[in-house]
Structure formats: structure tokens, C-alpha cells
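Have the sequence and the structure side by side as you read.

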Amino acid sequence: MSSNVLGFTQPPIDTGLEFVDKDKALNRFLSSVQQRGFQMARIATGNDDDALDIVQDTMMKLVQKYRDKSEADWKPLFFRILQSRIYDYHRRNSVKQKVFSWFGLAKESDEDTDDFIQVAPDQRELTPEKQTQLTQATTQLKVAISQLPIRQQQAFLMRMWEGMSTAETAQIMEVTEGSVKTHYSRALSSLRSQLEGHW
């Protein structure tokens, strides 16, 4: 049995060469998207453990149900499953928060201090001052994204971060292209207003 970087063990594969090749291709694909998927889930949940659970569940469902799909289908399927799991997480938490609030047990979430947004390296050498400014801007961006409404957040991450088209994003989010454009536009407007001086 083979496993990927997150430790997900895949089911036994057939002995035919085409199945071995498919298994290797699927492992390569999962390795290529798992960190980005984790970052998206981490921003959406604000919690490492929940994000890891979401990504592992997403990978498991992809392998179990869509392993035989073409390689071109894996990416939109992966992100569609990921978004579904993130929405499920928020629905469950919304119910929990209502129950906690009824009993006066609602708790404040811990402040997010880890930085999971990857910044493209500058080819020129950064001065310590510029590096500090970049780190602060990155942290502020991550916090601002995490505070967006969930659909704006996901539209922004898929369009800007993953470089997906409006049509691909709409397919994954299961909304119209017009809705994607609206969510994305509102996300950009909100982020720009919060991050003046860093855009």
C-alpha cells in the first residue's frame, strides 16, 4: 500500500500496468495540491487540526470515488470536495455557536499568529526593514482573508491564489459565474479597504 505526504494510505491497486501508472499519477497530484488545500482550509477554519482533517477527508473521497476519472478532472473535483467540506465545517460550527450562546458558553477564538500564506520570493535581496514590512503585510493579508464571508473567501482564494477561471470557480463552488464575479469583487473591495498601503 502506498501513502502520500499527509500519511493517507491508499487502497491496494490492481496489478495491471495501467493501474500502477494511475496510482503514481494520483499520488503526484495529491502531493502537488495538498499544501495549497491545507492553506485554504487553514484560512477558512483558523485551526490546523480542523484544516488537516478537511484536507485528509477531501483526499480520501477523491481516491475512493474519483480515482478512475481522468487526470484533468482531479483538480476541479479536489477543490469542489474541499469547498464542500469547508462549508460543512462552517455549518456545524454555526450550530455549535448558537447552542453555546444559549447557555452562555460561547468562547472567543484564539488569535491567529501562524503565517501560512506563501509569498513569492523577490529575486532582489530584501533589507531587514523590507522583510519586516513584507512579513507584516502578509500577516495582515492572511487575517483579512480569514475575516471575509466564506463564499467571498473561497472565490478570492480560487481566483487569485489558484489562478482558476471564473467558470472553473463557479463549477467548484456550484454557483453561477455571475455569483463568482460578485463574491470576488466584494472580496477585493473589502481586502483593499482593509489593507491600504499594502496593495
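## An aromatic cluster

Phe 29 and Phe 78 are both buried, meaning under 20% relative accessible area with a 1.4 Å probe, protein chains only. A quick word on the source: this is a predicted model, where local features need pLDDT of at least 70, side-chain atom pairs count only at pLDDT 80 or more, and totals for chains, interfaces and linings use all residues. Residues are numbered from 1 along each chain as its sequence is written, and side-chain values use heavy atoms, with hydrogens and water left out.

The structure has 4 aromatic pairs (ring centres within 6.5 Å, using the six-membered ring for Trp). With centres 6.1 Å apart and planes at 85 degrees, Phe 29 and Phe 78 are edge-to-face (planes over 60 degrees apart). Phe 29 sits in helix α1 and Phe 78 in helix α3, so the pair ties together parts 49 residues apart in sequence. Helices here are DSSP runs (H or I, at least four residues), numbered from the N terminus. Phe 29, Trp 74, Phe 78 and Phe 79 make up one aromatic cluster.

## Gln 83

Helix α3 (residues 71-102) also holds Gln 83, which counts as buried because its relative accessibility is 0%. The side chain of Gln 83 makes a polar contact with that of Gln 154 at 3.3 Å; such a contact is a pair of N or O atoms within 3.5 Å, and within protein one must be able to donate a hydrogen and the other to accept it, while residues adjacent in sequence count only if both atoms are side-chain atoms.

Notes
Helices (H or I, at least four residues) and strands (E, at least two) are DSSP runs, numbered from the N terminus. Buried means under 20% relative accessible area, exposed over 50%, partly exposed in between (1.4 Å probe, protein chains only). Rings of Phe, Tyr and Trp (its six-membered ring) pair if their centres lie within 6.5 Å; planes under 30 degrees apart count as stacked, over 60 as edge-to-face and the rest as tilted.
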